[in-house]
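Here is a note for a colleague who is opening this entry and would like a guided reading. The points below go from the whole chain to single residues.

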Amino acid sequence: MANDTTERRVGRPSRREMLTGVDLATEGVDRFQLIVNTSAKLFSEKGFDRTSIRDIASAAGLLPGSLYYYFKSKEEIFLEVHSQGMKILSDAAREAIAPHKDPWCKLEALAVAHSQVLLDDSGFMFMVAARFPECIAEQNQILMKQRDEYEAIIAEVIGELDLAADIDSDVFRLQFLGALNWAQTWYRKDRGMAPKDIGKHLVKILCSAHNGTVREK
């Protein structure tokens, strides 16, 4: 008798797969995380709207129907990708600033961590600068809460800086994040600064401007 897993046509589900919904090619794999990782990559490369459930299943090596065992919709996958992406950023930020006491050293460590995570190849960071898909507008509060939790870490560090009285800390935070996130549009792995140096350079500019203001006083 033909082996059910090896002697079947490529792309055609076996009888066992059709009956059980189990994709034998990925049996034993953490399919939930496989779907999330694959989706993050595709959303980053193609955009949310241009990525279909079939695209995700194909790239993950799963049967299209298998995805619905883990997620009800593409929108639900997006929510999980966003949640994990923001957790990656938050965990990296907390770990980076933990050893430091000086606020400017904390800010530099934070900028380095943000840049390194932002410019990796996982795809999770596509949502940092992207607008939320209109089809999940009802979930915007959840998404914004996740972003706010990360930005609260940044706000706390900025709050420790000895900034001039006329510097708005909220605007400082938004410009700081904007400058870091803009690197997604111009960064090239094969030339220019490494991600960690991009973060360091930004804080060097900010610190230099701050020191100049202090000297003028």
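1. A contact here means heavy atoms within 4.5 Å. Among contacts in the protein chain between residues at least 6 apart in sequence, 66% join residues at least 24 apart. The model is a predicted one, in which local features need pLDDT of at least 70 and side-chain atom pairs count only at pLDDT 80 or more, while totals for chains, interfaces and linings use all residues. Residues are numbered from 1 along each chain as its sequence is written, and side-chain values use heavy atoms, with hydrogens and water left out.

2. The secondary structure of the protein chain comes to 11 helices and 0 strands, where helices (H or I, at least four residues) and strands (E, at least two) are DSSP runs numbered from the N terminus. Of the 217 residues in the protein chain, 40% are buried; buried means under 20% relative accessible area, exposed means over 50%, and partly exposed lies in between, with a 1.4 Å probe and protein chains only.

3. Helix α9 covers residues 169-181, and at 1.5 Å a residue its 13 residues should span 18 Å, which agrees with the 18 Å between its end C-alpha atoms; the expected span is 1.5 Å times one less than the number of residues. Within α9, the residues Phe172, Arg173, Phe176, Leu177, Leu180 and Asn181 are buried. Seen down the axis of α9, its buried residues fall within an arc of 155 degrees, so they line one face of the helix, the arc being that of the directions from the helix axis to the C-beta atoms.

4. Which residues does leucine 202 touch, leaving aside its neighbours within four places in sequence? Leucine 202, which lies in helix α11 (residues 195-216), is in contact with Phe176, Ala179 and Leu180. The C-alpha atoms of leucine 202 and leucine 180 are separated by 7.8 Å, although the two residues are 22 apart along the chain. Leucine 202 is itself buried, with a relative accessible area of 15%.

5. Rings of Phe, Tyr and Trp (its six-membered ring) pair if their centres lie within 6.5 Å, and planes under 30 degrees apart count as stacked, over 60 as edge-to-face and the rest as tilted. By this rule the count comes to 5 aromatic pairs. In one of them, phenylalanine 43 and phenylalanine 48 have ring centres 5.2 Å apart and planes at 55 degrees, so the pair is tilted. Both phenylalanine 43 and phenylalanine 48 are buried. The rings of tyrosine 69 and tyrosine 70 have centres 4.9 Å apart and planes at 85 degrees, so that pair is edge-to-face. Tyrosine 69 counts as exposed at 69% relative accessibility, whereas tyrosine 70 is partly exposed at 25%.

6. Phe43, Phe48 and Phe78 form one aromatic cluster. The charged end of lysine 74 sits over the ring of phenylalanine 48, 4.3 Å from its centre; a charge sits over a ring if NZ of Lys or CZ of Arg is within 6 Å of the ring centre and within 35 degrees of the ring normal.

7. The structure holds 0 disulfides, a disulfide being a pair of cysteine sulfur atoms within 2.5 Å. Cysteine 105 is in no disulfide, and the nearest cysteine sulfur, that of cysteine 207, is 8.7 Å away. Cysteine 105 is partly exposed, with a relative accessible area of 36%, and cysteine 207 also counts as partly exposed, at 21%.
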